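Here are my notes for your review. Please read them alongside the sequence and the coordinates.

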Amino acid sequence: LTKIKPKIEYDGYVPASVTPGPLSSGEGLVERIKDATMKWDPQTNTMIISDPGVEDKRLFVLSEELASAFKVMQREGNNLSPTLRCYWDGKSVAPITKNNPIRVTDPHVCITGHITNEELLKVLDEGEHFTGLTNRFLWVCAKRGRLQPLPNGIHDNDLIRFQEEYLRCAKFAQTIGEVSRTKRADDRWIDVYPELAKDHPGILGSVCNRAEAQTARLSLIFALLCGAKEIDVCHIDWALAAWEYTMKSAEWIFDTGVKDPVQDKILKFLTENGKASLTEIHKALGNNYQKEKIQLSIKRLESGGVVSVKVVKTSGRPKQIIYLTKKTN
DNA sequence: CATTTCAGCCAGAGATATAA
DNA sequence: TTATATCTCTGGCTGAAATG
């Protein structure tokens, strides 16, 4: 909406600020919506505002170069990924740096990124660094429907119609406060929830294991776009349809070729030895793998029924033994 | 082309944390 | 306290770039 020169009256509505990226570091994302910073003034012996910060915590990032964002995330010490994850959760962000007490309270950040399938697979294949990040995005496959050598563009009148419609919804949404589901919508939600919450094995799991939260958010957006005060059954159904499309997209993108390298190594070790303790697996992975990544991979293998984990008592800390449950091929 | 330099990688020892 | 789990750090290796 804001990318196009406004042709309509906003009439009091302030659009979120827009940045084209590129996403390069968590600090960069924080800077745009940071809180005011205070510092001690020895002259007057009071706290003074050293930086007014930004009042409006909304930020829309349109990153045409998502590949570069994924690349910088793999660099050591880059905190883009953790920052993005905090943003998704709506948590306040306070990067820990010595001389930079900047923080962001209640961020509201939306990121739209473009990337080709080839690039995505390439950057994802190189590291498993962004487990937990990929499932905070909705993956939507898009391709050119037909060749259009002489595009007409959208007619101004049509565009204005969209703008006005959107503006109406946005203004309305800002007035209604908390949104809840209707009773019928609650029932529908309870109905579909178990299926949504189901774990998926493999790398697809790490991409899709946030289905409930994503669908809930989508249903809220659909409701607001309808100008509704409550989420109704249809909004949930639309959200489910949208979610299904993004999941199918993710399946198409991620289920071809990309494997979880940690899983592969664990499986290889297990096929050679039959069983292994966590320490042995850790050693097999080079003694320097983070426990989260190992645990995640084991959990996925476990939910896929490939391995089972047993806890064995010792005279010290209990030993966790991982068994191969069925033959792999 | 041969040699030197150097950053980056990695195995693995050893230190530290954790659960009972 | 013990044994296991997890993390950190170092020295050696490698291959690419710089130098002669």
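**Notes on the model**

1. Methionine 73 lies in helix α2, residues 66-73. Bear in mind that this is a predicted model. Is methionine 73 buried or exposed? Methionine 73 counts as buried because 22 other C-beta atoms lie within 10 Å, and the cut-off is 20 or more. Leucine 23 is 50 residues from methionine 73 in sequence. In space the two are 9.5 Å apart, C-alpha to C-alpha.

2. Next, helix α3, residues 80-89. This helix is mostly covered, with seven of its ten residues buried. Which residues of α3 are buried? They are Leu80, Ser81, Thr83, Leu84, Cys86, Tyr87 and Trp88.

3. Now the parallel sheet. Three strands make an open sheet in the order β1-β4-β5, and the pairing is parallel. β1 (17-19) and β5 (108-113) are the edge strands, and each pairs on one side only. From one strand to the next, the twist averages 20°. β1 and strand β4 (residues 58-63) run parallel and are joined by three bridges. In that pair, phenylalanine 60 of β4 stands opposite valine 18.

4. Then the antiparallel sheet. It is also open and has three strands, in the order β8-β10-β9, with antiparallel pairing. Isoleucine 322 in β10 stands opposite alanine 276.

5. Helix α6 has two packing partners to check; α9 is taken here. At what angle do α6 and helix α9 (residues 233-254) pack? The angle is about 30°, and the axes are 8 Å apart. Angles under 35 degrees count as roughly parallel, and therefore α6 is roughly parallel to α9. On the α6 side, the contact is made by Arg184, Ala185, Arg188, Trp189 and Val192. On the α9 side, Val233, Ile236 and Leu240 take part. By class, the contact of α6 with α9 has six nonpolar residues, no polar ones and two charged ones.

6. The other partner is α8. Helix α6 (residues 183-197) and helix α8 (residues 211-225) have axes that come within 8 Å and cross at roughly 135°. The two helices are therefore oblique to each other. Which residues of α6 and α8 meet? Tyr193, Leu196 and Ala197 in α6 meet Ala211, Glu212 and Thr215 in α8. The contact of α6 with α8 divides into four nonpolar residues, one polar and one charged.

7. Which residues are around DNA strand B? They are Gly286, Asn287, Asn288, Gly316, Arg317 and Pro318. By class, the surface near DNA strand B has four polar residues, one nonpolar and one charged.

Conventions: Residues numbered from 1 in each chain as written. Chains lettered and ligands numbered in written order. Predicted model: local features only at pLDDT ≥ 70, side-chain atom pairs only at ≥ 80, totals over all residues. Axes fitted to C-alpha atoms, helices over the stretch in contact; angles between N-to-C directions. Helix = DSSP H or I, 4+ residues; strand = E, 2+ residues; numbered from the N terminus. Parallel < 35°, antiparallel > 145°, perpendicular 65-115°, else oblique. Contact = placed C-beta atoms within 7 Å. Nonpolar A, V, L, I, M, F, W, Y, C, P; charged D, E, K, R; others polar. Pairing = 2+ DSSP bridges. Near = placed C-beta within 6 Å. Buried ≥ 20, exposed ≤ 12 C-beta atoms within 10 Å, placed from the backbone.
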